Amino acid sequence: MSARNPGMPLDLQWVSKVRVNTQAVLKRAQQIQGHNKNKKQWQAAWLLRAVTCIDLTTLAGDDTPGNVHRLCMKATQPVRSDLLKSMDMQDKGVTTAAVCVYPSRVADAVKALKAANSSLPVASVATGFPAGQTSLKTRLEEVRMAVEDGAMEIDIVINRTLALTGQWEAMYDEVCQFREACGEAHMKSILAIGELGTYTNVYKASLVAMMAGSDFIKTSTGKESVNATYPVAIVMVRAIRDYFLKTGHKVGFKPAGGIRTAKESLVWLTLMKEELGDEWLSPHLFRLGASSLLADIERQIYHYVTGRHAAYHQMPMA
């Protein structure tokens, strides 16, 4: 992952001056969706790049040690070895960026990856995911326990109530405390953009989360009715760019929720390249939060290699 974002004192003047031009955002989002015209071998290379940026995720009520183990094995070998061989990529160490699980499954994931001799990081959601409506004491304890169990990345959820009511100092203080509880683990802050109301609020929440020391800002829990959309992403990555220009600190971006097709993953990569540049095209500054996306990417790579379309059952669990 990237160098840590040390954060900065809360700059309420900067936050209060924010105004987002909705029409300009929507127009830019339309443009980006029309820009992705990669063909054949370039598309295959971009799809492999997308694989290396995936936080392969399972956040279900019926998660068991067994399916977490399968998820970890898939993360260490996300694309069938015969397909990688055909592309001369078999020895390039293609893995996903991390696996992402609930706090109670962190120990299972750490154990499975250790047994597979893999150094892949385990990410854990925390702080009362997805709603963030538990007491602050409980949310902090959840972060500490996930780190103790071996999580190297923590995906926290912000308190949307504070953002919606403009209590930016209170939000900043909470996120600072989460950051402290993370210790050496990297912190991704989930804004739950579907519950923030306006693009201006999304930008302000992005700024405050970064000022409080977030290493990444993330769109959604995947449990809201609106998740990762391109217009919201434009707003968030512009906040990342402005924060970098003002502080010199690079913060990562993670869209999550509803990203299911290989075609969408290419649009996300195009968006990052055009808005933030090539440095944000690697897993230390860009992640895709997804569970079913990998299966479609692998099918597209299969088609590139063989010229035939694969059924989902021909691909190992994704």
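Which residues in H7 meet which residues in H9? In this predicted model, the H7 side of the contact is made up of Leu 136, Arg 139, Leu 140, Val 143, Arg 144 and Val 147. Their counterparts in H9 are Glu 174, Gln 177, Phe 178, Ala 181 and Cys 182. Sorted by class, this contact holds seven nonpolar, one polar and three charged residues. Helix H7 covers residues 136–148 and helix H9 residues 168–182, and their axes come within 8 Å and cross at roughly 25°. Because angles under 35 degrees count as roughly parallel, H7 is roughly parallel to H9. The crossing in which H7 passes H9 is right-handed.

Helix H10 (residues 199–211) and H11 have axes that come within 9 Å and cross at roughly 40°. The two helices are therefore oblique to each other, and their crossing is right-handed. From H10, the residues in contact are Tyr 199, Val 202, Tyr 203, Ser 206, Leu 207, Met 210 and Met 211. H11 answers with Pro 231, Val 232, Val 235, Met 236, Arg 238, Ala 239, Ile 240, Asp 242 and Tyr 243. By class, the contact of H10 with H11 has 13 nonpolar, one polar and two charged residues.

H11 also leads us to the sheet. This helix, residues 230–247, lies across E6 and E7 and runs at about 165° to E7. Strand E6 (residues 216–218) is joined to E7 by three bridges, and the two strands run parallel. Within that pairing, Lys 218 has Lys 254 in E7 as its bridge partner.

Seen as a whole, the sheet is open and has eight strands, with parallel pairing and the order E7-E6-E5-E4-E3-E2-E1-E8. Its edges are strand E7 (252–254) and strand E8 (288–290), each of which pairs on one side only. From one strand to the next, the twist averages 25°.

Turning to charged side chains, the count of salt bridges comes to 25. One of them, at 3.1 Å from N to O, links the side chains of Glu 274 and Arg 28. Glu 274 belongs to helix H12 (residues 262–276) and Arg 28 to helix H2 (residues 22–35), so this pair ties together parts that lie 246 residues apart in sequence. In general terms, side chains of opposite charge can pair when their charged atoms come close.

Technical notes. Residues are numbered from 1 along each chain as its sequence is written. This is a predicted model: local features need pLDDT of at least 70, side-chain atom pairs count only at pLDDT 80 or more; totals for chains, interfaces and linings use all residues. Side-chain values use heavy atoms; hydrogens and water are left out. Two strands pair if DSSP finds at least two bridges between them. Helices (H or I, at least four residues) and strands (E, at least two) are DSSP runs, numbered from the N terminus. Axes are lines fitted to C-alpha atoms, for helices over the stretch in contact, and angles run from 0 to 180 degrees between N-to-C directions. Contact means heavy atoms within 4.5 Å. Angles under 35 degrees count as roughly parallel, over 145 as roughly antiparallel, 65 to 115 as roughly perpendicular and the rest as oblique. A crossing is left-handed if the near helix is turned anticlockwise from the far one by less than a right angle, and right-handed if clockwise. Ala, Val, Leu, Ile, Met, Phe, Trp, Tyr, Cys and Pro count as nonpolar, Asp, Glu, Lys and Arg as charged, and the others, Gly among them, as polar. A salt bridge is a side-chain nitrogen of Lys or Arg within 4 Å of a carboxyl oxygen of Asp or Glu.
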